[in-house]
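These are my notes on a first look through this structure.

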Amino acid sequence: ETAIPICAKDISDDLMKEFAFLSGGRGKDKAWIITLPDNARFNEVPEEIVSKVLTYLTSVPSQHESDTKFILILDRRLDTWTSVKMTLQKIAASFPGNLHLVMVLRPTGFFQRTFTDIGFRFSQEDFLLKLPVVMLSSVSDLLTYIDEQQLTPEFGGTLEYCHSEWVIFRTAIESFALTVKEIAQMLQSFGTELAETELPDDMYSIERILALRTEKYYQLKEDITAVTKEGNLLLSSFEEPDAGECSQDQHCERPGDWETVNRLLGQLREMETAFDGFWEKHQLKMEQYLQLWKFEQSFQEVKNAIEFLMGQQAELPDTGDSVPQVKQRLKDLGHFDGMAQDLIGKAQVVILHGHQLAANHHYALNLICQQCNELRHHSDVLSDEIKRKQMRLQKTLDLHTRLQQALQCCDEGAYLLANQQMDKCQSKEGAQKALQDIERFLESSSAYLNYDPQALHYDFESVLTSELKCQIQSVQVKLENVRSMFENRQACFKKLLDKHVRPVQLVAPRPENPPRSKSPLFSPKHGKMFLMTACSSSHCIPFLFQIEVMHDYQEKRNSLQSFISDSDDNLDILKGHVINELIETERVYVEELFTVLTGYRAEMDNPAMLILMPPVLRNRKDVLFGNMPEIYDFHNKIFLHSLESCLGAPERVGFCFLDRRQDFQMYEKYCQNKPRSESLWRQCSESTFFQECQRKLEHKLGLDSYLLKPVQRLTKYQLLLKELLKYSTSCDGVQELQEALVAMLDLLKSVNDSMHQISITGYD
């Protein structure tokens, strides 16, 4: 079998012999015309070469359309019958395409024409079995089969054809096609290299590879541009000046050279577009990979530095045994905090870089966001831990300062007592002066001498260690000793003064007619108390103090009921009044809690009010207000609605209290915190902050009155339940009301017990 030539240049010598050519003409049935011109040496051409040339010629149109048919024109007007017969036999044996018709211009010589007619008549059956052959006597017979526009001038046609130019153009077209194919292979190879090459682990190598690939990309772009220019030049050579005037049919009947070059240029443009798109994605991915590598490197460096600082800060103590030691540790922690803030600033830069990458739709979006969150978490943990230690050390410093002030006060008191000259204090004036000195000192030092150890434990509970507890106990013992010394000295001086004062005997006046039945000092009927006293050495002067006695609440109710009969309707009216009072006072209570939480507690977080807030109050709203937010949420969201549902069903009141009896235990926590709250309030009650909050709320009473509201409300419930039970003697829900009253009384007792319990310290 004969292999199909790759391109025209492989058989250019055989093509240039011009024993067969493809002019571009077509028959009436659109079959392509292959012409075998009159060539005396055709039969000398080897069959292999004939087969190659014919195979190539038939392959040219087959590239553009399927089911291609061919017409063969054999010009043998100057040849012999023997040569014609050999040519037909050779064509029948080696023609590679779909041969539609063979037209033979038979020899014109008299004898050869005769021999041809006789030989063809006897051999016709053999040829017809292999080839459809038509013998033509002249060119005019050929024109009856094929239009003159499809024939070259030697056959009386008008189709211009130059064989040497055709061979040159075919060679150029196939060379261009081969170049396009090579470009495609280079692009494919480059793409495979980009996709399959593993990237190194260092940034310099990655940048180097990206630079080399970019350089190779631009080189390929230059090659594509050069080939495109070559193709456009080749395409322009097929466009004749009057091509626009030619009909579409004429243009289409030309050989497919123009279509081939145009198609190759189109493929080249598509390849270039696809290559540009692929490179753009690859370059973006490489740049993003490089960005990710830099980001992860920065992330790892900052993360390791933060973890190192976390390890260092874990070794820094958050307490101390003396004022100098705590101050030094605060100084060290401040220096450490400076380093941490610098590092947190670097972390913020890395996080900002990560956010920029995410905003640009980086392919590793999830990983970048995860690492940003991780870095932010580590920064927050480090910052919070440093702040926690700073607060603990500052609080510890405050405690040491107080203890130091208390000890200094003890030393000053002992020094005062030691320097009092007792021989000069034996006189009345000396004793009075010494006693005044003691009283002045006690008044000026009362804040230190009267330290409450329980309040200290409350205020500094979060920083107390066993050593600090021992120091507090030691200071307390010293304070008690000093107070005892002052009490003894005061008693001593008062005895000295008593020696210089004439004793006065207190004599009660003797009434002329003493009453027999009752004591003259108190008369419930008149509701007044009479007190007689003496305040002079020579005679007694009576003073009358009137103390109004408040009537018992039960007596008021009895007087009210004296005007109301005991009918069921009137009892229901009284019961309705109590329920209305319960609900209305509950609404007022909830509203008051809300104003306190929003007007005072929330303002402690207001940056605009921070300048008015005393330092001792900052970050201590949980001490001042306790669990008031929890109490407010319970009453506002749950208990008030439960009570309001009882307006039409009074028998449900007892159930409301019983269903929520466990929730009322939160008051125990509030009451236990009350001493701490009051202690903090006393320290800063006169501050501008509270005055401004009270002015905004237009409250007549101070905050301390509102902080007492929960305690007052708790006692109010049992009074209202007693009244409600009194008017519900014979209706549904009495048992539940009784149990609710017991539950509230038990709650009050539990709160009192817990208040006593927290005052007991030092025991398991």
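Entry one, burial. I call a residue buried when its relative accessible area is under 20%. The model I am reading is predicted. I looked up Cys671 and found a relative accessible area of 8%, so I recorded Cys671 as buried.

How many disulfides does a search of the whole structure find? I noted zero. I then asked which cysteine sulfur is nearest to that of Cys646. That sulfur belongs to Cys656, 3.3 Å away.

I located helix H2 at residues 47-62 and helix H3 at residues 81-94. Their axes come within 10 Å and cross at roughly 60 degrees, which makes H2 oblique to H3. I recorded the crossing of H2 past H3 as right-handed. On the H2 side I found Glu47, Val50 and Ser51, which meet Lys90, Ala93 and Ser94 of H3. By class, the residues of this contact are two nonpolar, two polar and two charged.

Helix H7 covers residues 203-237, and helix H9 covers residues 257-315. I noted axes 10 Å apart and a packing angle of about 170 degrees. H7 and H9 are therefore roughly antiparallel to each other. H7 passes H9 in a left-handed crossing. In the contact of H7 with H9 I listed 20 nonpolar, eight polar and seven charged residues.

Notes: Residues are numbered from 1 along each chain as its sequence is written. This is a predicted model: local features need pLDDT of at least 70, side-chain atom pairs count only at pLDDT 80 or more; totals for chains, interfaces and linings use all residues. Side-chain values use heavy atoms; hydrogens and water are left out. A disulfide is a pair of cysteine sulfur atoms within 2.5 Å. Buried means under 20% relative accessible area, exposed over 50%, partly exposed in between (1.4 Å probe, protein chains only). Axes are lines fitted to C-alpha atoms, for helices over the stretch in contact, and angles run from 0 to 180 degrees between N-to-C directions. Helices (H or I, at least four residues) and strands (E, at least two) are DSSP runs, numbered from the N terminus. Angles under 35 degrees count as roughly parallel, over 145 as roughly antiparallel, 65 to 115 as roughly perpendicular and the rest as oblique. A crossing is left-handed if the near helix is turned anticlockwise from the far one by less than a right angle, and right-handed if clockwise. Contact means heavy atoms within 4.5 Å. Ala, Val, Leu, Ile, Met, Phe, Trp, Tyr, Cys and Pro count as nonpolar, Asp, Glu, Lys and Arg as charged, and the others, Gly among them, as polar.
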